[in-house]
Amino acid sequence: MRKTIPIGVDTPQAAKGFTCPPSCWGTCCDDTVFLEPRDVVAIHEFADRHFARFAAHFAQRHVLVGLHQDGLAIMQAFITRGGTSRFLFFRNAVESELLGPPPHEERRSNLTGQPYYHTLLQYDHTAKKVAGCIFLTDRHTCFLEDVAIEAGEHRWTAKPEGCVLFPLVPMPSGPMKPLASPENAAPDSPNYALLEMYRERECCTQVTHENVVRQMSEAVAFATQAQASRTQALEHLQKTKMVELRMGFLQVFDRPVAGTANPRRRL
Ligand code: SF4
């Protein structure tokens with residue numbers, strides 16, 4: 001049975017007993033989500049601003065980082081090693097053995113030309129099972145939203161664009177359309193598998209061609225503004241840290257442990 005994922009509520013307290021409305025855009029939370037590099041920058045900058053909150057939460061979480069022999073390779077989501085600390089939130093999609101053999105051109109952003117990233121899946125050691133996106137909380141809220149709300153920031157400050165806009169999905173021709181659009185029902189559509197997976201989840205198909213403007217206007221307005229500001233932050237990083245970026249995009253966000261120095265650190 002579908003879990004309730006109360007992503008669209010105003011306060012974490014209001015999440016209790018919440019049922020999926022059209023304003024819940026979190027249907028993809030029990031899987032990975034693709035991100036533009038600018039989303040990765042936004043999330044890491046957000047994690048840096050709220051470092052203590054993130055460190056405490058993710059020290060208790062584990063992620064699935066790959067496959068090892070016949071089993072799963074599991075690591076702590078927040079690690080400290082060699083004078084630096086690192087959050088294990090993302091993987092480069094063209095290098096991911098979990099998503100099939102590389103490289104796939106469609107896993108590159110047509111805006112930045114850089115590979116997409118995707119969120120890692122968390123692993124629940126007690127239940128011994130994969131437990132959804134690394135940012136999904138035990139209360140089925142999005143941790144990124146919870147922290148933003150607690151801090152008095154816009155609730156989507158660090159939320160991936162794809163999550164903000166879901167169930168709008170990209171069409172091969174360019175524009176985004178509701179998952180419930182007839183084009184996505186065609187078996188040869190790139191979104192067909194997604195629609196099949198979520199077809200019984202009523203909230204995902206309540207956004208239709210007829211009501212999309214009304215239902216999604218807030219999300220589209222936010223995503224448009226966020227695209228501009230997140231792209232600016234990515235471009236700043238590219239201008240100021242190109243050498244470090246070539247050594248590893250995600251490593252740029254490593255943080256020195258108190259009392260040590262990390263020359264790759266940008267923030
Ligand atoms: S980032 Fe948040 S909204 Fe997006 S899939 Fe993960 S938990 Fe869900």
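1. pLDDT is the predictor's confidence in each residue, from 0 to 100. This is a predicted model, in which local features need pLDDT of at least 70, side-chain atom pairs count only at pLDDT 80 or more, and totals for chains, interfaces and linings use all residues. Residues are numbered from 1 along each chain as its sequence is written.

2. The average pLDDT of the protein is 79, and 77% of the residues score at least 70. Helices (DSSP runs of H or I, at least four residues) and strands (runs of E, at least two) are numbered from the N terminus. Confidence is highest in helix H2, at 96, and lowest in helix H6 (residues 202-205), at a mean of 69.

3. Residues 1-25 have pLDDT below 50, yet this stretch has 48 contacts in the model beyond near neighbours in sequence. Two residues are in contact if their C-beta atoms, placed from the backbone, lie within 7 Å. Residues 99-103 also fall below 50, with 4 such contacts. Where pLDDT is low, the predicted coordinates should not be read in detail.

4. Tyrosine 117 lies in strand S7 (residues 117-119). Tyrosine 117 counts as buried because it has 28 C-beta neighbours inside 10 Å; the cut-offs are 20 or more other C-beta atoms within 10 Å for buried, 12 or fewer for exposed, and partly exposed in between, with C-beta atoms placed from the backbone. Leaving out residues up to four places away in sequence, tyrosine 117 touches residues including Leu35, Pro37 and Phe90.

5. In helix H3 (residues 143-150), the buried residues are Phe143, Leu144, Glu145, Val147 and Ile149. They pack against helix H1 (37-49) and helix H2 (51-58).
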